[in-house]
Protein chains: 2
Amino acid sequence: MGHTFERLKTLRQLLKATRADALIVPRADEYLGEYLPEHNERLLWMTGFTGSAGVAILTAKAAAIFVDGRYTVQVRSEVCAEHFEYHSLVDEPHAQWLAQILPEGARVMCDPRLHSFNWYRSTSATLEAEGIELVADPANLIDRCWHDRPAPRVEQALLLAECYTGASSYDKRQQIASSIAEQKADAALIFAPDTVSWLLNVRGTDIPCLPVLQAFAILEADGRMTVVTELARIPEGFAQHVGQGVEARPPGEAEAILSGFSGKTLLADPDTANAWTQLTLERAGATLLASPDPVLIPKACKNAVEVNGAREAHKRDAVSLVQFLAWLDDEVAGGNAHDEASLADQLYAFRQGNEAFHGSSFDTISAAGSNAAMCHYNHLNAVPAPLPMDSLYLVDSGAQYLEGTTDVTRTVAIGDPGEDACRMFTLVLKGHIALDQACFPVGTTGTQLDALARQFLWQQGFDYDHGTGHGVGAFLSVHEGPQRISKAWNSTALAPGMIVSNEPGYYRDGAFGIRCENLLVVIERADISDERSMLGFDALTLAPFDQRLLQRSLLTDSECQWLNNYHQRVRETIGPLLSGADLGWLEAATEPLD
Amino acid sequence: MGHTFERLKTLRQLLKATRADALIVPRADEYLGEYLPEHNERLLWMTGFTGSAGVAILTAKAAAIFVDGRYTVQVRSEVCAEHFEYHSLVDEPHAQWLAQILPEGARVMCDPRLHSFNWYRSTSATLEAEGIELVADPANLIDRCWHDRPAPRVEQALLLAECYTGASSYDKRQQIASSIAEQKADAALIFAPDTVSWLLNVRGTDIPCLPVLQAFAILEADGRMTVVTELARIPEGFAQHVGQGVEARPPGEAEAILSGFSGKTLLADPDTANAWTQLTLERAGATLLASPDPVLIPKACKNAVEVNGAREAHKRDAVSLVQFLAWLDDEVAGGNAHDEASLADQLYAFRQGNEAFHGSSFDTISAAGSNAAMCHYNHLNAVPAPLPMDSLYLVDSGAQYLEGTTDVTRTVAIGDPGEDACRMFTLVLKGHIALDQACFPVGTTGTQLDALARQFLWQQGFDYDHGTGHGVGAFLSVHEGPQRISKAWNSTALAPGMIVSNEPGYYRDGAFGIRCENLLVVIERADISDERSMLGFDALTLAPFDQRLLQRSLLTDSECQWLNNYHQRVRETIGPLLSGADLGWLEAATEPLD
């Protein structure tokens with residue numbers, strides 16, 4: 001708390017010195033991604049808030065923090081009410097809040113590297129309507145007073161061989177370059193680190209869970225590419241790996257590089273690329289065409305090598321998960337009540353030994369009993385709870401392998417969790433099965449399929465407040481767009497090679513949480529019809545669902561058949577990779593139902 | 001053809017006389033609705049095209065007609081290729097086509113009454129970018145040379161009693177007025193004739209199928225309303241019926257009325273209200289706030305009286321449909337091969353005798369055999385086909401009653417249509433049942449439910465290329481927004497009292513067509529859960545589905561139970577209103593399946 005007081009005092013002095021009336025601090029860095037390296041946790045430094053999304057605003061007299069519904073409880077425990085007002089990021093847009101408290105003629109500072117171009121334009125317009133100026137200044141005030149700021153991690157990137165990527169960087173760049181030329185542009189701003197990494201067939205090692213090269217790039221219509229990143233990240237052999245036409249330049253030259261596109265026409269996505277790059281291009285006299293990143297769809301639609309890699313990664317990952325689940329049953333039977341942290345560590349230990357393992361793909365959710373009712377529970381935020389008997393245990397985890405990214409959730413019976421928990425588990429699994437089995441015509445989007453996973457819960461008056469499925473990268477981000485399966489409208493049609501999660505759930509406050517998650521790959525289903533081009537899913541994840549939690553009478557015969565077929569496939573694929581007690585456990589766990 | 005040549009020649013002379021280079025003629029009148037009275041069929045007069053959507057463009061040397069995918073065949077048979085090029089309304093935006101063929105400095109005429117404000121603005125911007133001026137002139141060139149133009153029908157409107165509407169016009173206006181005040185506006189442009197009719201509790205009789213008063217209105221935040229319509233339409237007792245604060249004024253005064261809102265702020269929907277009203281308001285110095293018509297949602301959510309009225313109307317309508325289906329079976333058994341027209345006439349005759357009957361709610365689709373494979377088939381466009389034996393007959397029809405609007409489709413076996421037709425019928429009916437049975441949380445939109453009706457067809461590689469459900473009015477338009485159940489995104493949440501159709505189908509080119517359509521009303525389902533506010537559907541339509549077309553083995557027991565329950569309800573509700581052979585037919589048709 002003392003920290004916060006001092007920090008706000010210093011920031012207010014700096015505000016005054018720059019003749020500004022307010023400062024906007026989002027949880028973001030210049031790449032606008034989901035994961036932040038420690039040295040860019042400016043919002044955390046200023047407020048103490050550890051959530052994944054939020055904005056703080058400081059004026060001479062007031063300070064406020066804006067968070068969404070996921071964090072209304074957490075913000076109150078982490079951010080001192082003495083210093084900050086709490087507001088809703090959704091219901092009380094911060095630009096309007098500012099417009100209400102500031103006088104005409106006021107100046108509001110923002111760092112244009114930390115906001116999208118569209119945010120900058122709309123906030124600027126809202127404030128301007130009240131006679132307030134939004135000043136875009138990349139000389140970040142927090143950076144000027146954060147004296148013990150950690151040094152950025154700058155590790156050498158990995159060069160990912162074609163046996164993993166299925167296509168050379170050169171060929172990928174030629175393909176994207178021709179799509180840029182087709183759109184009558186001279187170049188495209190390739191902004192997201194994961195799209196840059198995919199295009200170059202490199203992976204970074206700076207950030208936990210997210211193996212991206214921290215970089216942005218400009219790809220020209222003739223295939224030449226300029227990559228802006230710390231040069232120390234570029235490993236030996238890079239030039240040969242990526243082929244001709246790629247130049248790496250340090251961030252200090254970014255402005256000069258962008259200014260070199262004076263008079264040119266560039267594709268840029270105003271929703272995902274930061275305001276600073278686009279303001280710099282505009283100032284230099286470049287013409288911007290608002291357009292989604294041209295790499296998004298080619299990256300989302302995995303090629304045959306990437307899909308096969310994902311299958312291999314999932315086999316290895318399933319072996320570890322089965323070992324963990326067998327071990328867990330044994331420990332529970334032995335009366336050993338492990339806590340959530342030691343369970344997560346044990347699962348990590350099983351995975352760690354795998355070939356081509358490169359860490360977790362996200363922080364494991366290891367949630368015992370009623371903790372699992374909180375969708376975004378993290379046992380590291382409090383004292384990890386021990387497993388209570390006669391309850392459910394939910395474990396949502398994943399790993400990065402050179403061949404692909406995994407993400408799997410299983411819900412496990414700890415003793416006898418009772419009839420109600422079993423009924424809810426069965427309804428969730430019915431939804432999982434319905435989505436897994438779905439066939440749909442080419443052109444169908446995830447929004448159109450979302451209700452298939454919810455229908456059985458809905459029928460009984462239940463639902464879950466998160467999406468049903470997100471895209472997943474190939475040894476890249478575990479949350480990858482543009483496809484998505486959710487209630488909110490998503491216009492991206494599912495296409496062959498896209499990987500999505502299938503994760504319906506159910507959460508009963510103070511009681512238990514359930515989620516059944518596999519990753520699926522979209523496949524062509526030419527087998528079922530001559531009349532329409534149909535698509536379907538094939539499960540990548542290969543781990544048993546806990547049959548002790550099933551109410552057989554709620555399953556149709558066809559659902560039961562699906563489960564038996566899936567378990568048979570798990571047994572036949574993973575069984576040969578196991579032995580002894582683990583194999584025995586798998587055989588019991590995949591025993592067919594009648 | 002000679003007609004067209006003369007007409008185009010005259011129009012080109014007029015273009016030249018007004019120093020204009022092109023003329024845009026859409027299929028629309030000043031209300032921008034789906035139904036056009038005969039005297040406003042300007043596109044038909046100019047081109048011969050009878051479809052429901054299209055645009056023609058005339059220049060000194062060229063002429064083109066733009067239609068969508070439904071009409072690519074029809075336009076070639078109706079519009080002479082000697083005079084018109086054919087273009088796609090979707091793939092080749094007509095503004096861009098114009099921009100390509102006209103020189104800089106050219107002037108393009110449009111009648112701003114026949115286009116939405118958003119169309120006007122975007123077309124204007126597209127042309128302006130090429131140095132071409134879009135001239136908005138309500139002195140329509142076609143009206144100036146259409147010498148034998150029919151006189152407009154101007155019939156007195158009906159005053160609809162509160163026993164049908166469930167609320168007085170005065171109360172409705174007060175409710176909408178306060179929502180206008182909440183939005184900090186002085187008034188709202190109430191543009192669509194059906195919303196004006198709903199607000200005044202009046203119905204028009206000028207247009208076949210669509211019982212609206214042809215009028216637009218301005219409702220002020222204090223509840224006063226100015227209605228612009230031919231005064232001859234206003235019946236005796238109108239003032240007393242609508243209560244104080246309503247003034248009817250003739251169309252000739254429209255400009256003066258709009259200009260009277262100088263300095264005021266008005267809500268107006270730029271997508272549905274015509275450009276002329278909004279340009280006139282802007283010129284007068286009014287401020288326009290883009291906003292959906294505030295009447296849309298209150299009108300869509302039927303009150304208890306309207307829902308009960310709809311139930312009564314549907315009972316009467318079902319009696320007629322059952323009489324028709326019984327008669328049809330008898331005729332087929334007797335070897336009488338009626339043609340599509342005489343079947344439609346017979347169905348109309350049964351309905352005509354009903355209490356409170358006010359005509360059809362749309363042109364009946366009476367389609368025999370392979371004609372039913374064309375979704376938008378109209379037997380009046382060609383020689384009506386006789387019913388072939390061993391085929392399917394599809395009849396999609398509806399009526400207007402004082403209490404409500406009906407719309408129902410049944411597909412009937414004529415002899416033995418074969419196994420394949422029965423399999424497809426069963427898949428369609430399974431989708432119909434799934435949507436009928438759906439429960440869903442408050443906030444769910446039709447797009448989210450659409451796949452429930454398609455899933456069984458998809459599973460076998462089939463689909464249908466139309467929406468699954470449209471909204472329906474209360475003795476108003478049979479196609480009413482804003483809710484809709486379709487693949488295309490619709491953001492309107494389904495809410496209690498909304499009426500929607502449930503009409504999955506299947507169409508095999510050159511072979512047969514199937515559609516199973518009931519109207520449903522959205523109801524609260526407080527019975528199923530304490531945890532979430534859930535909604536569901538209740539069927540309004542009460543007519544048997546043809547069980548001769550079912551493949552029982554494709555139905556689950558629960559689907560079979562649904563069908564038996566529905567048929568029991570039909571028998572119990574409609575049976576007492578029938579006698580003799582008709583009752584016998586109903587009992588046989590609703591016999592429970594095992």
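You're looking at a predicted model: local features need pLDDT of at least 70, side-chain atom pairs count only at pLDDT 80 or more, and totals for chains, interfaces and linings use all residues. Residues are numbered from 1 along each chain as its sequence is written, while chains are lettered from A and ligands numbered from 1 in the order in which they are written.

**Domains.** Colour chain A by its domains, whose bounds come from an automatic or database domain assignment: domain 1 (2-145), domain 2 (158-299) and domain 3 (301-589).

**Strand β10.** Now select residues 216-220 of chain A, strand β10 (strands are DSSP runs of E, at least two residues, and helices are H or I runs, at least four, numbered from the N terminus). 5 of its 5 residues are buried, so β10(A) is largely enclosed by the rest of the structure; buried means 20 or more other C-beta atoms within 10 Å of a residue's own, exposed 12 or fewer, with C-beta atoms placed from the backbone. A:Phe216, A:Ile218 and A:Glu220 point one way, A:Ala217 and A:Leu219 the other.

**Helix α18.** Jump to residues 557-574 of chain A. Which residues of α18(A) are buried? They are A:Glu559, A:Leu563, A:Tyr566, A:His567, A:Val570, A:Arg571 and A:Ile574. The face of α18(A) turned away from its buried side carries exposed residues, including A:Asn565 and A:Gln568.

Key
Expected span 1.5 Å × (residues − 1).
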